Amino acid sequence: MRDLLLLLVVLWGLSKVFSRPYIGAYLWTWISLMNPHKLTYGFAHSFPFAQLVAGITLVGLVTGKQNKLNIWSRESVVLLLLIGWVCFTTLFAVNPEGALKELDRFIKIQIFIFLILALVSDKQKLDWFIWVVALSIGYYGIKGGLFTIATGGSARVWGPEESFIAGNNEIALALLMVIPLMRYLQLQADNKWVKRGLLASMLLCAVAVLGSQSRGAFLGIAAIGLFFWWKSKQKLAATVIVGIVAAAVMFFMPQTWWDHMNTIQTYDEDASAMGRINAWWVAFRMANDSLTGGGANMFIPEVFQKYAPVPEDVHDVHSIYFEMMGEQGWIGLALFLTLAGMTWLRCSALSHKRFAKDPETKWLHDLAPMLQVAMIGYFVSGAFLGLSYFDLYYDLVAITIIAAKLGAQYGKAPLSPPPLAGRQGGPTHGGGEGNASRPTTAQRF
């Protein structure tokens with residue numbers, strides 16, 4: 001029954017793609033993030049839904065008629081350079097088969113990132129895209145939160161099998177990234193039941209993060225809480241809220257959870273943690289030894305024999321930074337971090353208080369800080385997870401670029417990120433519908 005239902009949903013969506021190709025981008029994102037076919041038990045479990053959707057969406061892109069955004073920005077150029085570099089390093093990979101497999105997945109993700117940049121051409125489409133992203137991951141958070149409550153936190157929350165988020169650590173990181181998106185959607189909602197539903201979803205997702213028993217996610221929660229406290233104008237109230245949440249956690253979570261979290265302080269006695277550090281040394285030495293790194297999926301026994309302090313301790317790298325460093329070299333890591341820095345600065349520009357004063361641009365002021373919170377979750381928890389090719393992160397980059405493009409159409413959004421140090425630009429033209437078609441802002445973007 002699940003198989004047939006999933007097939008009908010996909011076919012119904014595909015029937016709309018020829019006239020509205022952006023629906024194909026929604027479908028592909030849903031299948032890629034949520035992996036609904038992994039929740040079935042029949043023919044749909046291994047059916048190539050993503051390839052089917054991709055093919056028809058590309059046809060719809062040619063035949064359909066809709067407004068398209070100019071995809072080019074500083075961020076998209078750096079992303080394109082990163083894609084090209086990953087293709088180049090694959091030619092010299094120490095594990096050619098594994099590198100080609102990862103490259104195939106990465107290229108498919110990035111093709112749709114650029115399609116999303118082109119097809120999600122107005123605020124309504126962007127909001128619907130954020131809904132798709134949030135609910136695709138949020139499904140596992142709602143389910144996992146209820147599971148954690150039912151089991152008293154004694155069992156771990158896991159993601160869908162054979163996916164980026166299959167592990168308990170990975171699903172926790174993904175949930176940290178979508179909770180802020182849910183908050184943005186809540187700020188945009190007018191219906192009180194939608195607001196309440198999103199609040200309940202955020203709380204259950206937070207419980208699921210704790211229920212994953214992920215130490216990296218625990219550090220991510222702490223970093224996000226610190227960011228919220230720093231940004232809060234009422235720090236005393238924020239401190240009280242954080243204290244209440246901490247007390248609730250202490251009361252609810254079992255001793256086994258606390259024992260696992262306490263291993264953060266005794267990492268040198270944890271075989272898993274020491275295995276990661278061993279792999280980090282492999283990444284560092286490989287990057288120093290080879291301009292192109294070792295290529296994707298390079299953490300194999302032969303490489304450990306040459307580069308590891310403890311050659312027999314073969315372990316996955318479990319870090320977005322060391323994964324990118326070892327597999328793509330220093331150049332790949334530099335491109336990866338440059339993209340992150342540009343995206344963060346773009347969000348900072350969109351967070352300016354002047355956008356909160358105009359109903360036309362207030363949504364930018366609501367969205368940008370939430371994107372930054374999601375990035376904090378990714379870059380803190382990701383320090384202990386090998387998810388540098390994870391499509392959810394690149395979805396955040398795409399959302400940021402689209403938001404800035406749409407904001408520029410109002411004639412008020414900043415045309416470029418603020419400098420790292422120096423002056424702040426003032427507002428440009430006044431907002432309103434009458435400025436939506438001004439070409440100068442879009443050209444100077």
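How many nonpolar, polar and charged residues are in the lining of the second largest pocket? The lining has 21 nonpolar, eleven polar and twelve charged residues, where Ala, Val, Leu, Ile, Met, Phe, Trp, Tyr, Cys and Pro count as nonpolar, Asp, Glu, Lys and Arg as charged, and the others, Gly among them, as polar. The model is predicted, and local features were taken at pLDDT of at least 70 and side-chain atom pairs at pLDDT 80 or more, while totals for chains, interfaces and linings use all residues. Residues are numbered from 1 along each chain as its sequence is written, and side-chain values use heavy atoms, with hydrogens and water left out.

The second largest pocket holds about 1200 Å³ of space. A pocket is here an open set of points on a 1 Å grid over the protein atoms alone, where a 1.4 Å probe fits, with protein on both sides within 12 Å along at least five of seven lines; lining residues have an atom within 4 Å of a point. Volume is the space filled by probe spheres set on the points, which are joined across faces, edges and corners. Of the 44 lining residues, Asn35, Arg105, Glu162, Ser163 and Phe164 are the closest to the centre. Two or more lining residues come from each of helices H2 (22-34), H3 (49-63), H5 (96-119) and H14 (320-350), and H5 gives the most, with eight. Helices are DSSP runs (H or I, at least four residues) numbered from the N terminus.

Beyond four places in sequence, the contacts (heavy atoms within 4.5 Å) of Tyr393 include Met177, Phe336 and Tyr378.

Leu367, in helix H15 (residues 362-381), is buried at a relative accessible area of 1%, the cut-off for buried being under 20% with a 1.4 Å probe and protein chains only. Leu126, Ile130 and Tyr184 are among its contacts beyond four places in sequence. Ser388 lies in the loop between H15 and helix H16 (391-409) and is buried, with 0% relative accessibility. The side chains of Ser388 and Glu323 are joined by a polar contact of 2.5 Å (a pair of N or O atoms within 3.5 Å; within protein, one must be able to donate a hydrogen and the other to accept it, and residues adjacent in sequence count only if both atoms are side-chain atoms).

Notes:
Buried < 20%, exposed > 50% of the residue type's maximum accessible area, 1.4 Å probe, protein only.
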